[in-house]
Amino acid sequence: MHPSLRHFLLGLTCLLGCLTPTRAENVLLSQDFNACNNPSGWSGLTSSISWDVGSTIPHPAALGSSMNGTCFAYFDDATLGSTPLTNTQSLNSPTFDSSPYATVMLDFDLHFRAPDFANAYLKVDVYTGTAWVQVAIYKGQDYNGDLFSDNVHQSIDLSRYRGSAMRVRFGYNDAGAESWWAGIDNIKVTGRGAINCSAAQAIPVDGSCESATTASGIFNAPAMPACTDSAGAGVWYSFVAPSSAVTVRSAAVFNDVLTAYSGTCGALTEIDCINGDIYGFGSETLYLNGLTTGITYYLLLSAVQNTFGARSGQYCLNIQNGANIPPLSPPANDWCANPLPLVVGGACLNGDLIDATFDGLHTTRQ
Ligand SMILES: [Ca+2]
Ligand SMILES: [Ca+2]
Ligand SMILES: [Ca+2]
């Protein structure tokens, strides 16, 4: 069997095993409002007609309900009455740096009551460093009921807007009416999959499969890896060698390439690289030997760009202690000397090709 088939099967196994992967996160912004005051760095909480922080809101129709019993940020348009808001009232986050990460996610819990006022809305914007861009809007229905205890978790991909001066804001607009209210809690922005060596994510050896999504068009490496002539969508990881040998395995929706480096980010030395599955049907496995125990090494997972298929996307990566993990386990009839007998007229014979080796003989017609 061609080695690429084995890689494919191993990759498929990894993908299946990656259904509950780890998502080692870098927390770029986190706010739960549990201090019950205006958090440092946030704006839009200081005027009489603004967002506020509390464990419930003043208006009696809210029945003293809370999102989860802790303080949260809210806009209480019911208490403000029928006077229209002059502008969308925004709750603004401080600035954070999301530029080193391929995957940037915004998570928060949302309550929004507005079914009687179809044009009232709550929107979420992100600041790219040069402009505000709307990434979500909620209007025309409750999220997810009348009371603050009726709230929903939201997860929004901000990756395409990454930048060194990112901000998020939550804007409330009453559509010129006496509308209801909105609540926000547990705001978190996380980054995964470093696009620069300097932000490389440290992953444990013998840990779970590390999963994220690469960024199309971004490849920051000192040189083209030796085993390919095409590379993009690179993400960086680091690990500390537990012994002289480890096995690195990746599986991706794109044609992946694995490259290992020693040294430091400013002075990297490529020590090995693999693109054994050159068409990207399966996965890659990189066996590293001759490592120094206790030393940090770097890994670059990148995508071939000049063949068919995806140029970027989701992947899973893990490292195991020891070389050649798992060892080959070919079927009993791997070699011509140990054939399984086929009986003419007999039952269908079942088997598999997993870990079978190639004898080197080709058929004359293909
Ligand atoms: Ca809270
Ligand atoms: Ca109003
Ligand atoms: Ca490949």
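Trainee: Leaving aside its neighbours within four places in sequence, which residues is I184 in contact with?

Mentor: I184 is in contact with F72, A73, L91, F108, L110 and F170. Each pair counts as a contact because the C-beta atoms, placed from the backbone, lie within 7 Å. Keep in mind that this is a predicted model: local features need pLDDT of at least 70, side-chain atom pairs count only at pLDDT 80 or more, and totals for chains, interfaces and linings use all residues. Residues are numbered from 1 along each chain as its sequence is written, while chains are lettered from A and ligands numbered from 1 in the order in which they are written.

Trainee: What makes the set of 79 residues a nonpolar core?

Mentor: The term asks for buried Ala, Val, Leu, Ile, Met, Phe, Trp, Tyr and Cys residues joined through C-beta atoms within 7 Å. The largest such set here has 79 residues, and I184 is among those with the most contacts inside it, along with Y74, A182, W236, Y298 and L299. Strand 5 (residues 101–113) gives the most to this core, with 8 residues.

Trainee: How do you know where this core lies relative to domain 1 and domain 2?

Mentor: Domain 1 (3–23 + 203–321) and domain 2 (26–193) both give residues to the core, so it lies between them. The domain bounds come from an automatic or database domain assignment.

Trainee: Why is F281 called partly exposed?

Mentor: Buried needs 20 or more other C-beta atoms within 10 Å of the residue's own, exposed means 12 or fewer, and partly exposed is in between, with C-beta atoms placed from the backbone. F281 has 13, so it is partly exposed. F281 sits in the loop between strand 16 (267–274) and strand 17 (283–288); strands are DSSP runs of E, at least two residues, numbered from the N terminus.

Trainee: How do you know that strand 14 and strand 19 pair?

Mentor: Pairing takes at least two DSSP bridges between two strands. Strand 14 (residues 246–252) and strand 19 (residues 314–321) have 7, in the antiparallel sense. For example, A251 has C316 as its bridge partner, and R249 has N318. Strand 14 also pairs with strand 17, over 6 antiparallel bridges, and there V246 stands opposite L288.

Trainee: What makes strand 12 and strand 17 edge strands?

Mentor: The open sheet runs in the order 12-19-14-17. Strand 12 (210–213) and strand 17 each have a single partner strand, so one side of each is left without a neighbour in the sheet. Strand 14, by the way, is mostly covered, with 6 of its 7 residues buried.

Definitions and conventions:
Helix = DSSP H or I, 4+ residues; strand = E, 2+ residues; numbered from the N terminus. Contact = placed C-beta atoms within 7 Å.
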